[in-house]
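Please read it alongside the sequence and the model shown here.

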Amino acid sequence: MVNVVMTALVYLLTMVMSYILKRAGLFHKEDKKVLSNLIFYITLPASLISSFAGAEVNVYYVIAILLGFLVNTVMVISGQIVSADKSPELKAIYSVNASGFNMACIAIPFLSTFYPAGVPYLCMFDVGDSFYTLGTTYAIGKMRLNGGSKDKNENYVLTILKGLLTSVPFDTYMIMTILSFLNCRLPDFITMAADFCGKGNGFLTMIMIGVSLELHMSRESAKEVITLLSMRYVIGIIAAVLIYCVLPAPLVMRQILAAAMFASSAAVSIIYSERLRVSTDIAAALNPISTILMIPIMSLVVMGTMGR
């Protein structure tokens, strides 16, 4: 229990430290781009390669992928129901913010501290999540913004495929999964290098969040953020209980996926809001707030499931 609390404090204090340094002028909001590039192109893929080292593929990998797809499907449908009577702009905003988890950047490095053997299952869950996060929710948002009709100038299938295939973390997932199914191992040197680079992923991620932290929003936007958070956490609680108590799977898989249900919202939702030309205030507030709440909530879930 002490280890869980200490780890949570380290993550939160790192984020607070970077925010204070930004306010002091040492960091600037524009530094987020450099940090995000380091994370998405170097430390995150490296941590995924390191996590997959020695993992043995089994049928539960497929189940984890299906769970990622299923949970996100429920969130997407719930988001459409909750926003049914709202303006087209808010319908589009809900489409890209109601579902999707920031698994790779925060949840994986944090939960790997407690469940290192469960990381491959979490990676597979993220593959199912990526189907929505890396293109599908944007296509849905575009359609809802246009009143339910498709934009003839945009091929949504190509948008989704391009989003998936040009995502370095997703490509890493696919390559490592295929290698695992083929029972192929990477050379020790590559695994050692990946382990070395991947260890900095959690630290850089919390620095990036602190640097980009901005909570300026209107009362109307705050109301929508609270609604989105409430919806996400209700679904998260139900999913976590079902996964941990009902799913016939290895204990470590149930533990790590139950905790992961409270991961922060996907950072890409801010990018999609910009592409849709709708207000980014809600997405820009939802991501850091859900990140701040994620650490203590996940810690409670970890403490409640460890040792069972």
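The largest pocket has a volume of about 970 Å³, and its lining is made up of 37 residues, of which Phe-40, Leu-134, Ser-167, Val-268 and Ile-271 lie nearest its centre. The elements that give two or more residues to this lining are helix 2, helix 5, helix 6 (119-145), helix 7 (156-165), helix 8 (168-181) and helix 13 (268-276). The model is a predicted one, and the values below are computed from it.

**Overall fold**
- The secondary structure of the chain consists of 14 helices and 0 strands.
- The radius of gyration is 19 Å, close to the 19 Å that the globule rule gives for 308 residues, so the chain is as compact as a globular protein of that length.
- The C-alpha trace spans about 50 × 45 × 35 Å along its principal axes, and buried residues account for 51% of the 308 residues in the chain.
- Of the contacts between residues at least 6 apart in sequence, 84% join residues that are at least 24 apart.

**Lining of the largest pocket**
- Helix 2 provides the largest share of this lining, with 7 residues.
- By class, the lining residues of the largest pocket divide into 19 nonpolar, 10 polar and 8 charged.

**Second largest pocket**
- The second largest pocket holds about 420 Å³ of space, and among the 21 residues that line it, Lys-29, Lys-32, Ser-212, Ile-270 and Ala-284 are the closest to its centre.
- At least two lining residues come from each of helix 2, helix 10, helix 13 and helix 14, with helix 14 giving the most, 5 residues.
- The lining of the second largest pocket has 9 nonpolar, 5 polar and 7 charged residues.

**Helix 10**
- Helix 10, which covers residues 201-212, has 12 residues and reaches 16 Å from its first C-alpha to its last, close to the 16 Å expected at 1.5 Å a residue.
- This helix is mostly covered, with 11 of its 12 residues buried; the buried residues include Asn-201, Gly-202, Leu-204, Met-206, Ile-209 and Ser-212.
- The buried residues of helix 10 pack against helix 1 (2-23), helix 2 (31-52), helix 5 (103-111), helix 9 (188-198) and helix 14 (281-305).
- Ser-212, one of the buried residues of helix 10, is also among the residues closest to the centre of the second largest pocket.

Definitions and conventions:
Residues are numbered from 1 along each chain as its sequence is written. This is a predicted model: local features need pLDDT of at least 70, side-chain atom pairs count only at pLDDT 80 or more; totals for chains, interfaces and linings use all residues. Side-chain values use heavy atoms; hydrogens and water are left out. Helices (H or I, at least four residues) and strands (E, at least two) are DSSP runs, numbered from the N terminus. The expected span of a helix is 1.5 Å times one less than its number of residues. Buried means under 20% relative accessible area, exposed over 50%, partly exposed in between (1.4 Å probe, protein chains only). Contact means heavy atoms within 4.5 Å. On a 1 Å grid over the protein atoms alone, a cavity is a set of points where a 1.4 Å probe fits but cannot get out, and a pocket is an open set with protein on both sides within 12 Å along at least five of seven lines; lining residues have an atom within 4 Å of a point. Grid points are joined across faces, edges and corners, and a volume is the space filled by probe spheres set on the points. Ala, Val, Leu, Ile, Met, Phe, Trp, Tyr, Cys and Pro count as nonpolar, Asp, Glu, Lys and Arg as charged, and the others, Gly among them, as polar. The radius of gyration is taken over C-alpha atoms; the globule rule is 2.2 Å times the number of residues to the power 0.38.
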